[in-house]
Amino acid sequence: DCTFFTRKEIMRLFHRYQDLAPQLVPLDYTTCPDVKVPYELIGSMPELKDNPFRQRIAQVFSDDGDGHMTLDNFLDMFSVMSEMAPRDLKAYYAFKIYTFHIRI
C-alpha cells in the first residue's frame with residue numbers, strides 16, 4: 001500500500017534485492033527477517049554506481065542513515081525514483097539528498 005508499484009513490480013524488485021546478497025536475503029519473508037544489504041552492494045547497482053550522490057541517496061533511504069538497506073528501504077527508494085511518484089515527493093527527497101552538507 002505504500003508504493004506506486006504493482007505486485008509484479010514489487011516481486012521483480014525483491015529479486016533484484018535478493019540477487020545483491022543471496023547469502024543474506026531469504027526467499028521466504030514470512031518470518032519478517034531483519035535483513036539489511038550493505039551499502040557496498042547497494043552502491044554498486046547499475047542505477048547508482050555512476051551517480052556521485054549514490055552514498056547520500058542510500059543514506060537518506062536507509063533507516064539508520066548508514067546506507068545499509070532493508071527490503072522496505074529498497075522499495076521506498078525505487079518507489080520515490082519511479083515515474084509514478086508525485087513531483088512533491090520527488091522534490092522532498094531531492095532536497096534531503098542534495099542539502100546534506102548545509103548546517104543551520
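A salt bridge is taken here as a side-chain nitrogen of Lys or Arg within 4 Å of a carboxyl oxygen of Asp or Glu. The model is predicted, so local features need pLDDT of at least 70 and side-chain atom pairs count only at pLDDT 80 or more, while totals for chains, interfaces and linings use all residues. Residues are numbered from 1 along each chain as its sequence is written, and side-chain values use heavy atoms, with hydrogens and water left out.

By the salt-bridge rule the count comes to two, and the pairs are set out below.

| Salt bridge | N to O distance |
|---|---|
| Asp 64 and Lys 36 | 2.6 Å |
| Glu 47 and Arg 16 | 2.8 Å |

Helices are DSSP runs (H or I, at least four residues) numbered from the N terminus. Glu 47 sits in the loop between α2 (39-42) and α3 (54-61), and Arg 16 in helix α1 (residues 7-20), so that this pair links distant parts of the chain, 31 residues apart. Asp 64 lies in the loop between α3 and α4 (71-80) and Lys 36 in the loop between α1 and α2, so the pair ties together parts that are 28 residues apart in sequence.

Accessibility is classed as buried under 20% relative accessible area, exposed over 50% and partly exposed in between (1.4 Å probe, protein chains only). Asp 64, at 55% relative accessibility, counts as exposed, whereas Lys 36, at 27%, counts as partly exposed. Glu 47 is partly exposed at 40%, and Arg 16 is partly exposed at 30%.

A nonpolar core is a set of buried Ala, Val, Leu, Ile, Met, Phe, Trp, Tyr and Cys residues joined through side-chain atoms within 4.5 Å. The largest such core has 25 residues, of which Phe 61, Phe 74 and Met 77 touch the most other members. The elements giving two or more residues to this core are α1, α2, α3, α4 and α5 (87-98), and α4 gives the most, with six residues.

Contact means heavy atoms within 4.5 Å. Leaving aside neighbours within four places in sequence, Phe 74 is in contact with Leu 13, Arg 16, Tyr 17, Leu 20, Ile 42, Met 45 and Met 69. Between the two helices, Ile 10, Leu 13, Phe 14, Arg 16, Tyr 17 and Leu 20 in α1 meet Leu 71, Phe 74, Leu 75 and Phe 78 in α4.
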